[in-house]
Amino acid sequence: MKRSSRMTATVLFTIASLAACGVAQPPPAMAGNPGQASSALTIGRTEPHVPSESREDTAPIQLAPEKITRSFHLRMDERQLVPQVLSAYGIRAIVDQTVPSRGIRFDVEDAAFSNALRLVQLATDTFAAPLDAHSVLVLSDTKENRAKYQPLVAKILYFPGITDTELTDMQSIARNLLGVEHATVHLGQGSITVRARESELKALGRIYQELHAGQSEVQIDMHAFEIDHVSQDDAGVILPGSTSAFNLRSEANGVLTGNAALVQEIVSSGEASAGDWQKIIAILAASGALSGTVFNNPFVIFGGGLTESGVEWNTSSANMLLNRSEVKSLNQIQLRVTNSEEATFRLGEQYPVMMGTYSVLSGVAESSAQTTPQVQYVDLGLTLKAKPFIEDSGNVLLHVDLNLDSLAGTSLNGIPVLTNRQYSGVVSVHGGESALLVSAMSKQDSRELTGVPGLSNVPGSGDATNRQDMTDTAELVVLITPHIVRSARQETVSEIAFPGTGE
């Protein structure tokens, strides 16, 4: 269904909101022919200049229907429907020949005149041009009919504290956005005379009101925490990796035979008897006479008699180590951003990275070549981009892009390796409330077992194996709190009309 512009908002600025800006009282009615007048808004001037063309337009005719509600259940021709519905409110309708004759069903309950007229126009694709307070001409809703039958209304719009350049921009908005052909700028006076249909003037007033209201602003408080946890456990027993078994009597006889002279001296001195071989070997080991034998290392004896044997017990150790560390780095940021615009905050430094070199020969010999490095500067530190959108409910829809760039501490072909940690997302919170964002950026786990293979799997033998665990985690925690510090003024719009306009 084709529809023309039907914007219903009232135009321009509130008198109450402009009073603080120095709004003067409306100027007296301009001289002119009886019954002819135009409307104007005076801001900061007591005697504004009034362009002559504004005196030539009569005020729009206002219909005076009966203030009642009616219900309709009709099935008839469109040309018959329109007069029957409007006559129920005391309005006579003259239907133009451009309205087609076709059947239509119309069902409405308890409708006032304004709603009934709007529904009839939508259902029949027509519009009504008032002839007087109780008569209308109903025509097919086409561009040609509207241009021919809809009356033009003149209004003078005054803008406080506006430059001539900005005033010209206001004229361009009227002409280019709404197609208003008659918009005259009065430079140096801060006013524009506009002649257009009443619906276009109302739409233009709403646009000017939005421009006058300005943009909302949001203050974003952000706390960024980088938390690093390092945990290291080292507990258990490290058993010998290898051992050897030997016959105790055979090894003892070999040691005594190889050191017969020293054994004779020990027996002669009375320090040990000739048959006490354990004591003799102990004296030899203590005196340093023995080296490289099984008796120089710890050993375990098992068995008895001729089969009494020993097993070497090499070096073993027990570990009980616990290490915990936690590092927190904090960045506190505060941004003030205009609604629907992006703001960027950077904290850090620009680090030079040599990407390559090139040489220029200044002579025949290569030794005379001059080497010049190619350097690129990269941003290190924190980069925050935020773009807020204030919703009608008071919530703030926040697009956040957070980057943490740093040096990894290693290099590749002489070029430093950089680490990048990034968060991108959309957060929606009420103004003044906080949102908590948590992200695990990295995690490293390592485990090392030392001991006899398979022994750690035997129930109750876990302590006989040394176990070393290490965990390194990094987390990013961001606390975001948006505050609406400035709201665009939502003011009731009103017009100041001269007497006789009927407004």
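This is a predicted model: local features need pLDDT of at least 70, side-chain atom pairs count only at pLDDT 80 or more; totals for chains, interfaces and linings use all residues.

1. A definition comes first, for the counts below: a salt bridge is taken as a side-chain nitrogen of Lys or Arg within 4 Å of a carboxyl oxygen of Asp or Glu. By this rule there are six salt bridges.

2. On confidence, the protein chain has an average pLDDT of 75, and 78% of the residues score at least 70. Two stretches stay under 50. One is residues 1–58, for which the model has 137 contacts beyond four places in sequence. The other stretch under 50 is residues 490–503, with 46 such contacts in the model.

3. One of the salt bridges joins Arg102 to Glu78, with 2.5 Å between the closest N and O atoms. Arg102 sits in the loop between E3 and E4, whereas Glu78 belongs to helix H2, so this pair ties together parts that are 24 residues apart in sequence. The two partners can be described by their accessibility. Arg102 is partly exposed, at a relative accessible area of 41%, while Glu78 is buried, at 2%.

4. A further salt bridge links the side chains of Arg146 and Asp141, at 2.7 Å from N to O. Is Arg146 buried or exposed? Arg146 is buried, because its relative accessible area of 9% falls under the 20% cut-off. Asp141 is buried as well, with a relative accessible area of 2%.

5. Arg346 and Asp379 also meet through their side chains in a salt bridge, at 3.7 Å from N to O. Arg346 is in strand E15 (residues 343–360) and Asp379 in strand E16 (residues 370–390), so the pair ties together parts that are 33 residues apart in sequence. Arg346 counts as exposed, at 53% relative accessibility. Asp379 counts as partly exposed, at 35%.

6. What does Phe72 touch, leaving aside its neighbours within four places in sequence? Phe72 is in contact with Val85, Ala88, Tyr89, Phe106, Asp107 and Val108.

7. Helix H9 (residues 277–287) has Trp277, Ile280, Ile281 and Leu284 buried. Viewed down the axis of H9, its buried residues fall within an arc of 95 degrees, so they line one face of the helix. The buried residues of H9 pack against helix H7 (248–258) and helix H8 (260–268). After H9 comes Gly288, with a positive phi near 85 degrees.

8. Strands E8 (residues 182–186) and E9 (residues 191–196) run antiparallel and are joined by five bridges. Val194 in E9 is the bridge partner of Ala183. The two strands form a hairpin with four residues between them, and Gly188 in the turn has a positive phi of about 80 degrees.

9. Strands E16 and E17 also run antiparallel, with ten bridges joining them. Their hairpin has four residues between the strands, and Gly394 there takes a positive phi near 95 degrees.

10. Within this pairing, His399 of strand E17 (residues 395–412) is the bridge partner of Lys387. How far is His399 from Ala386 in space, C-alpha to C-alpha? The distance is 5.6 Å, although His399 and Ala386 are 13 residues apart in sequence. Beyond four places in sequence, His399 is in contact with Lys385, Ala386, Lys387, Phe389, Gly425 and Val426. His399 is partly exposed, with a relative accessible area of 33%.

Conventions: Residues are numbered from 1 along each chain as its sequence is written. Side-chain values use heavy atoms; hydrogens and water are left out. Contact means heavy atoms within 4.5 Å. Buried means under 20% relative accessible area, exposed over 50%, partly exposed in between (1.4 Å probe, protein chains only). The arc is that of the directions from the helix axis to the C-beta atoms. pLDDT is the predictor's confidence in each residue, from 0 to 100. Two strands pair if DSSP finds at least two bridges between them.
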